[in-house]
Amino acid sequence: MLHVKQTSSDIVPESDWSAARDLVKTDLRPTDLVVFSPFWTDPLGRQAFGDLASLKREGRSDEQRFARAFEVSRRGAHDAVFSTWKKVDEKHAGALTVTTWENPSYKKVIDDLLDLAHPDRLTVTRVDGESETPCPFVHGASAGGSTAVPQGLLTPADKFVCQGGHVGVAVLHGLDHHPHLCLYATPMAGATLRMKFSNVAFGPSLVGHAGIQWLVERTPSPEKVEMAFFAEGHRLGTAAHQVGAGWNRFEAATPELDGKHADLVAEVSPSRQRQFCFEATTRGAGP
Amino acid sequence: MSEGAVSEVGEAAVSEAPAKVVDAPKAAWVIRNADYLIGGGIALAYVIWLLATARGLGFSRDEGFYFSASGEYERWFDLLFKDPKHAFVRSKIDSIWAANHEHPSLMKSLFALSHHFFWGKWKVFQDQSTAFRFPGMLSMGLALFVTYLFGTRAYSRRAGIVAALALGLMPNVFYHAHLACFDVPIMAMWITCIFTYWTAEKNGGLKWALLAGVVYGLTLETKHNAWMLPGVFLPHAVLLYGGFSAKAEGTKRLPVPASLIAMATIGPAVFLALWPWLWHDTMPRIQEYVNFHVHHEYYNIEFLGVTYFGPPSPKSYMPVMIAATVPTVTLVLFAVGAFDRLRAILARFACWAKENLKVALSWPKETPAADPWQTDILLFLSLAVPLAVFLLPRTPIFGGTKHWITAYPALAIFAGRGFDMVATRIEALLESKTALDRTKRDVVVAFVGAITFVAPFAVTRHSHPFGLSAYVPLFGGTAGGADLGLNRQFWGFTTESLDPWFLKNTKPGDAVYIMDTAWPSWQRMVDEKRVPPWLRGVGTPAEAEISIVHHEQHINEVDYNIWTEYGSAAPEYVLVHDGVPIISVYRRPASLARGRGRR
């Protein structure tokens with residue numbers, strides 16, 4: 001009987017997905033997250049939700065940056081990340097359940113370096129000792145991809161191109177197999193990659209995340225990629241990403257810059273690990 | 001019911017036939033050949049089913065490579081037919097047979113000959129791919145035929161029929177049975193080789209021994225799983241010839257079984273004779289072949305949410321995947337049959353120990369039926385040897401269930417035995433508790449058999465063409481497999497299932513990034529109009545208007561790379577099986593011209 005039951009359709013009708021989307025859309029704010037559970041339903045959710053399932057939401061660095069989350073789930077699945085969040089609403093759209101969660105530790109994003117990764121707000125240079133060579137921004141073609149796997153991280157079409165490296169927005173395949181939108185900033189052999197973001201609005205902290213493509217991280221090694229952040233001539237903090245650590249968080253307290261605007265410089269030290277990607281945001285103390 | 005004794009059952013079935021039918025020569029012939037007719041009928045019906053469903057199944061990566069290699073080999077056969085002298089010139093042999101020389105050539109040669117005759121010469125098949133695939137399908141027919149015969153001769157005709165049905169009604173087996181690959185052929189040759197060896201030992205005489213040697217050679221020439229067969233034969237021969245078997249005679253005039261001698265001599269000769277690549281530089285090339293498989297690269301495969309890509313392999317992989325993919329009713333019947341046979345083996349051993357070692361044992365009370373050819377043990381070895389390899393930490397698991405598919409005929413035979421026991425019990429109950437006559441009791445048992453296999457049939461039929469995504473209801477079906485993080489597919493064969501979407505949503509000249517589809521597979525799909533011929537396959541998302549991604553955990557990187565390229569995470573279409581994503585299809589936003597950056 002079970003076998004026969006299996007042959008009956010288990011497909012969630014498109015109308016349920018549309019109804020769930022409409023439920024979410026009416027109440028969705030830019031600071032809200034949309035999640036599809038279990039994770040394997042994510043492609044179906046992205047198809048139905050379109051732009052609501054934006055790259056920022058899908059390739060999120062972390063959940064803390066979102067005030068609320070709409071979790072569209074099937075068969076009672078819930079993402080473990082919401083176990084500490086407050087459930088404020090639950091609605092049904094056919095076979096789907098839309099749960100609204102409130103983030104108890106929400107910290108507002110003030111500025112997101114990913115939004116500043118264009119020539120108006122970012123300059124990139126290659127630093128060889130005392131010499132600093134500009135890396136121009138190009139609208140080019142992406143590089144990578146084939147009919148075989150593994151392929152590694154795709155070099156984006158729009159990027160700052162240095163001799164031996166580049167900086168552009170890409171989506172990392174993290175060690176957790178989840179997507180992470182980040183700045184693909186290639187460490188270079190024997191040279192430092194310097195990125196200067198102009199007029200960044202600061203809060204009390206700088207929060208970032210970094211990772212290396214899954215293909216590399218899946219085999220841990222002692223190798224590291226080191227980053228340092230500077231503003232107003234001071235070192236704000238450093239972060240060292242060891243191969244195998246996965247997508248992980250770093251944070252620097254910036255109380256002296258809270259409420260100010262300043263240029264933020266990020267430097268990636270020389271390393272053999274090419275498929276390095278990071279993101280960083282300035283954040284408030286709360287909502 | 002016989003306790004593992006062999007041909008008595010089949011012969012008994014013959015003697016039970018009505019006298020007036022036996023008198024008629026034709027009927028007598030039918031009865032005499034009943035087992036061949038039943039086994040052949042099951043095989044024929046199954047091959048017809050495979051042919052009827054082949055058009056709907058896309059081409060896997062490996063099939064694409066074997067199509068290409070077979071095309072090369074076909075050139076050699078052309079030469080052989082037209083200019084045999086030149087066909088044996090080394091330069092011709094080496095240049096042609098170098099293609100895909102990491103695998104033996106028997107099946108690819110058969111693919112080539114099938115293509116040559118059934119498509120090229122006699123126009124039997126419209127699709128070239130069906131001609132290439134046909135020998136693989138026939139080998140599934142052979143597997144069913146031999147499984148039926150083995151089950152019938154080892155236990156009963158009823159066990160044989162159920163064994164063949166159980167083997168054919170497994171979604172993973174049904175999928176692989178369509179392909180121009182080697183997995184189902186090696187399954188067929190594995191059980192055929194064991195059956196031939198068993199028959200050789202049982203019947204004695206040189207003819208069967210020689211045949212065993214030839215069949216082992218063909219098995220070696222099919223796939224390297226044949227290297228494991230000594231692990232089946234040698235322990236069995238030791239038991240058979242080591243004094244444990246009271247009645248066994250067979251080819252015992254020699255100190256070792258003649259069939260084994262034939263396998264050790266004729267087998268390698270057949271292997272070499274049928275593989276032209278080995279005709280020159282033989283030893284280095286054999287070494288290369290062995291090294292390729294001994295040091296085979298580990299591919300990615302997901303199991304319980306973890307993608308494995310190297311040793312150690314999880315020991316639970318094989319048992320969990322069997323439980324998740326073989327219809328549960330088949331496994332229950334297997335458990336019943338295997339327990340019964342294990343119990344019989346232990347009972348015989350206990351009796352032997354009592355007699356030969358003078359050990360005082362209270363069990364068994366009654367002497368079990370003799371098993372002079374150690375059939376039960378042979379079948380357990382046939383089951384255990386291919387499975388045991390997957391308990392070793394260094395054995396790659398990337399092939400999923402197909403790499404231990406050789407164990408399934410024995411599993412199915414034990415399931416047949418299990419059903420036979422259940423049916424016998426039902427018959428006894430019907431006889432003692434009801435007034436039904438023999439015919440009606442037979443109808444009831446036949447009905448029980450039918451409903452037992454309605455479900456495996458339904459689930460197997462329903463799994464097509466997503467056989468690798470199918471998991472049994474005990475595991476929650478396809479969605480349950482996704483919940484558990486079990487592999488959803490490999491080889492990119494599902495691309496063809498996008499055809500209806502392609503037809504409606506693409507225009508001539510559209511470039512499609514074909515992702516995990518191998519180039520020869522894509523080209524064949526285009527040639528056979530399995531996907532719109534106006535599409536242009538390309539190798540990167542950057543070149544494509546449309547990009548597809550086959551959902552496997554390790555392939556997430558391709559999904560995310562497409563997001564990077566198109567600046568969006570929203571697919572335009574998701575191909576599903578039972579609601580579970582199989583392929584996502586992305587379309588390049590109109591604002592993003594190919595090869596240019598975002599504005």
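Here is a walk through the cysteine links and aromatic rings of this structure. It is a predicted model, in which local features need pLDDT of at least 70, side-chain atom pairs count only at pLDDT 80 or more, and totals for chains, interfaces and linings use all residues. Residues are numbered from 1 along each chain as its sequence is written, chains are lettered from A and ligands numbered from 1 in the order in which they are written, and side-chain values use heavy atoms, leaving out hydrogens and water.

Let's start with the cysteines. A disulfide is a covalent bond between the sulfur atoms of two cysteines; here, a pair counts when the sulfur atoms are within 2.5 Å. Searching the whole structure turns up two of them over all chains. In one, Cys135(A) is joined to Cys162(A), with 2.1 Å from S to S. This pair ties together distant parts of the chain, 27 residues apart: Cys135(A) is in the loop between β7 (131-134) and β8 (137-139) of chain A, while Cys162(A) is in strand β9 (residues 158-162). (Helices, H or I of at least four residues, and strands, E of at least two, are DSSP runs numbered from the N terminus.) The link is right-handed, with 110° about the S-S bond.

Then there's Cys182(A) with Cys277(A), whose sulfur atoms are 2.0 Å apart. This link also bridges distant parts of the chain, from strand β11 (residues 179-185) to strand β18 (residues 276-283) of chain A, 95 residues apart.

Buried means under 20% relative accessible area, exposed over 50%, and partly exposed in between (1.4 Å probe, protein chains only).

Now for the rings. The structure holds 51 aromatic pairs over all chains. Rings of Phe, Tyr and Trp (its six-membered ring) pair if their centres lie within 6.5 Å; planes under 30 degrees apart are stacked, over 60 edge-to-face, and the rest tilted. Take Tyr46(B) and Trp49(B): their centres are 5.5 Å apart and their planes at 85°, so they are edge-to-face. Both are buried. They are three residues apart in helix α4 (residues 34-53) of chain B, so about one helical turn separates them.
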